[in-house]
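Me: I am new to this structure. Can you walk me through it in short steps?

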Amino acid sequence: MGAAPASRDVTSYGMGLAAPLALFFLLFFVAPLLQLFWLSLHNDTAGLHWGLGQYLHFLTDPFSLGVLGSTLLLGAEVTALCLVLGFPIAWLYQRVGPKLQTIIILIVLLPLLTSVVVRTFAWIVILGRQGIINATLQSLGIIDTPLKLLYTQFGVVIALAQVQMPLMTLPLITALGRIDANLDDASCSLGAGSWRTFFRIVLPLSLPGVIAGCTLTYAAAITAFITQSLVGGGQMLFMPMYLYQQASTLQNWPFAAAISIIFLLAVLAVVSVFTTLGRLSRGYGGA
Amino acid sequence: MAETQGGRSLVVDAVTHRYPSGALAVENINLDIKGGEIIALLGPSGCGKTTLLRIIAGFIAQTQGRIIIGDDIVDTLPPNRRAVGIVFQNYALFPHLSISENVAYGLAARGVDKAARQREAQRLLELVQLPAMGERLPRQLSGGQQQRVALARALAIKPSILLLDEPFAALDKNLRLDMQIEVKRLQRVSGITTLIVTHDQEEALSMADRVAVLSHGKLEQFGTPSDVYDRPQTLFVNTFVGSTNRMPGVVVSADRTAAKVRLDAGAEIIARPAGGALSEGGRVTVCIRPEHLQFVGDETGFAGVVGMSLPLGATVVHEVTTADGSGVKVSQARIGETRALENGAAVRLAPLAPSLANAFPATL
Ligand SMILES: Nc1ncnc2c1ncn2[C@@H]1O[C@H](COP(=O)(O)OP(=O)(O)OP(=O)(O)O)[C@@H](O)[C@H]1O
Ligand SMILES: [Mg+2]
């Protein structure tokens with residue numbers, strides 16, 4: 001507001017305190033981003049000709065669009081799987097005693113305590129041709145030839161879901177914990193069964209957590225370079241690897257930059273769809 | 001189940017509940033409540049009131065005993081099939097649903113169509129005098145209004161029993177009085193058997209047809225407000241309901257209806273043996289309410305010295321120290337210009353009538 005009133009507005013305090021962080025962001029986030037954008041506006045690798053050629057190339061190339069599409073789809077599949085598996089865990093967490101709660105939290109957090117590389121290799125061991133699953137199924141006589149699990153979309157989704165699960169479960173646990181337990185009882189005493197209570201009360205009230213969890217999981221899943229490349233192998237190409245190939249192997253920096261910008265915009269679009277959904281759904285979310 | 005079931009009876013039959021943690025929350029409670037009665041469950045914090053309410057509603061399965069509503073033993077029915085309406089202490093309105101959606105929630109669960117449900121919600125909101133609030137969200141209402149919505153929501157399913165858990169605790173004094181009158185009016189109109197949990201004795205005495213006093217999970221007394229106030233059966237009831245002076249003494253002689261007690265304060269008075277028979281020579285605690293003591297001019301009663309006098313509007317309360325060093329309170333109606341008692345004045349005190357002093361065996 002223009003003229004300062006007699007007493008200072010509390011919101012005017014402390015902007016100076018944010019300066020170091022702002023500077024940090026400017027130097028290490030905004031500046032590289034601008035540089036990336038500048039780079040993407042060149043039609044040749046030497047950086048002599050300006051133009052939108054890289055973008056045009058990407059958007060008219062079926063292969064590139066295919067990679068973008070399968071990456072966004074991968075994110076959606078991983079997010080959906082995490083939500084379907086994570087919600088019951090979070091729901092259970094709110095309904096068990098303190099001892100079991102500790103155990104559940106430990107199980108949920110466990111993946112965060114080991115490196116992504118280690119966890120991914122564990123999945124390779126599990127999913128491989130001679131892996132645990134195939135060995136078990138074969139020894140039980142259920143299958144004759146090993147199933148192809150590794151280097152498939154299925155394998156990538158499973159591995160990513162396990163790796164990103166805490167990002168979904170933790171916000172859900174928080175959101176469900178904020179719901180007054182009496183609301184369950186109130187719904188029940190008004191004659192509603194458990195399904196109606198779940199869909200009319202619990203789910204809408206947990207939407208802030210669902211949105212947060214989905215956003216985090218989605219963003220993490222589509223950018224998970226290591227897991228995507230190791231479990232997906234050479235046959236499956238997703239955006240991070242595509243980007244890496246263009247920049248490192250082919251040294252086509254302007255095209256890599258354009259891919260980055262397009263990928264960034266695509267992710268932002270998906271995330272803003274999530275947030276808009278959340279706002280439209282009349283969730284109260286303490287807003 | 002949508003038809004009116006107002007006025008069904010409720011029997012709590014020898015109900016005991018022990019939480020998994022081992023806490024014995026209620027112990028052998030028996031209540032026989034007629035259809036259409038208002039009952040108050042009165043007791044100090046932690047005595048098991050909420051537990052008992054949740055057992056009746058079906059949220060907790062009691063360890064022992066039965067709950068009978070009308071002619072049905074409901075122990076195996078889940079809460080959504082008991083037709084019991086409950087208003088929670090914190091109202092528990094659904095924060096993401098509008099006021100009319102909140103009120104109509106139970107009807108939707110019963111499959112009532114949308115138009116009928118909205119009409120009914122509007123009718124109920126008019127009943128609780130909030131006709132224009134239907135579109136708002138619960139957080140846009142004051143505490144008192146939210147509480148009325150919670151009441152309307154519970155009434156919407158036409159419950160056969162209405163349970164209210166400390167419904168007025170969060171309201172200020174004036175609003176509380178309004179709401180008490182409101183609930184009583186609604187209850188009279190609908191005839192729904194109603195159970196109100198409270199630790200406010202005035203609320204219990206003013207609203208209820210009968211009061212159940214609980215202490216440490218046990219039922220101390222179940223009777224009309226005047227029974228509980230004037231003829232308490234236990235020392236706990238006498239001290240918890242209303243204020244009282246506890247005066248120690250020894251039984252001189254006793255029969256079933258009257259006991260002569262020699263007070264340590266130095267007088268022989270006649271008291272009512274309230275907690276069963278008393279034995280001669282046994283120590284007792286005599287309870288006399290401040291308003292049942294009077295200053296006497298003659299040599300009857302016991303002596304004391306006036307300490308502080310507190311003018312409390314319609315009454316004046318005097319603190320008097322007796323010969324044995326204990327203090328008693330005496331309250332006097334302020335009729336015209338009450339004679340001011342000097343600090344340190346010597347006075348004599350006696351109960352207004354023998355039936356107004358209750359003698360209980362002393363617990364050591
Ligand atoms: N879920 C629970 N698990 C274990 N013990 C409990 C539980 N709920 C209540 N209790 C215990 O049971 C006893 C009765 O509790 P309850 O909530 O019924 O009391 P209350 O009369 O409603 O008290 P207040 O007036 O404070 O609401 C208390 O001693 C309490 O500690
Ligand atoms: Mg309680």
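Me: Which residues lie around ligand 1?
Reply: This is a predicted model. A residue belongs to the shell if one of its heavy atoms lies within 4 Å of the ligand. For ligand 1 that gives B:Tyr19, B:Ser21, B:Ala25, B:Ser45, B:Gly46, B:Cys47, B:Gly48, B:Lys49, B:Thr50, B:Thr51, B:Glu166 and B:His199.

Me: How many residues of the shell around ligand 1 are nonpolar, polar and charged?
Reply: Gly counts as polar here. Sorted by class, the shell around ligand 1 holds three nonpolar, seven polar and two charged residues.

Me: Which helix gives the largest share of the shell around ligand 1?
Reply: The largest share is three residues. They come from chain B, from residues 49-57, which form helix H1.

Me: How far is an oxygen atom of ligand 1 from an N or O atom in the side chain of B:Thr51?
Reply: A polar contact needs N or O atoms within 3.5 Å. At B:Cys47, a backbone N or O atom lies 3.2 Å from a ligand 1 oxygen. The side chain of B:Thr50 has an N or O atom 2.6 Å from a ligand 1 oxygen. For the side chain of B:Thr51, the distance is 2.5 Å.

Me: What share of ligand 1 does the protein bury?
Reply: Start with ligand 1 taken alone, which exposes 640 Å². Of that area, the protein buries 61%.

**The domains of chain B**

Me: How far apart are the C-alpha centres of domain 1 and domain 2 of chain B?
Reply: In chain B, domain 1 covers 10-235 and domain 2 covers 243-361. Their contact takes eight residues from domain 1 and ten residues from domain 2. The C-alpha centres lie apart by 39 Å.

Me: Which three residues supply 68% of the area that domain 1 of chain B buries against domain 2 of chain B?
Reply: The two domains of chain B bury about 720 Å² between them, with 49% from carbon and sulfur atoms. On the domain 1 side, three residues supply more than any other three. They are B:Tyr229, B:Pro232 and B:Leu235.

**Chain B against chain A**

Me: Which residues of chain B lose the most area to chain A?
Reply: Here 26 residues of chain B touch 21 residues of chain A. The buried area is about 2000 Å², and carbon and sulfur atoms give 60%. Three residues together make up 32% of what the chain B side buries: B:Asn80, B:His96 and B:Tyr105.

Key. Residues are numbered from 1 along each chain as its sequence is written. Chains are lettered from A and ligands numbered from 1 in the order in which they are written. This is a predicted model: local features need pLDDT of at least 70, side-chain atom pairs count only at pLDDT 80 or more; totals for chains, interfaces and linings use all residues. Side-chain values use heavy atoms; hydrogens and water are left out. A polar contact is a pair of N or O atoms within 3.5 Å; within protein, one must be able to donate a hydrogen and the other to accept it, and residues adjacent in sequence count only if both atoms are side-chain atoms. Accessible areas come from the Shrake-Rupley method with a 1.4 Å probe; for residues, only the protein chains shown count as cover. Helices (H or I, at least four residues) and strands (E, at least two) are DSSP runs, numbered from the N terminus. Domain bounds come from an automatic or database domain assignment. Contact means heavy atoms within 4.5 Å. Buried area is the accessible area (1.4 Å probe) that two parts lose on being put together, summed over both.
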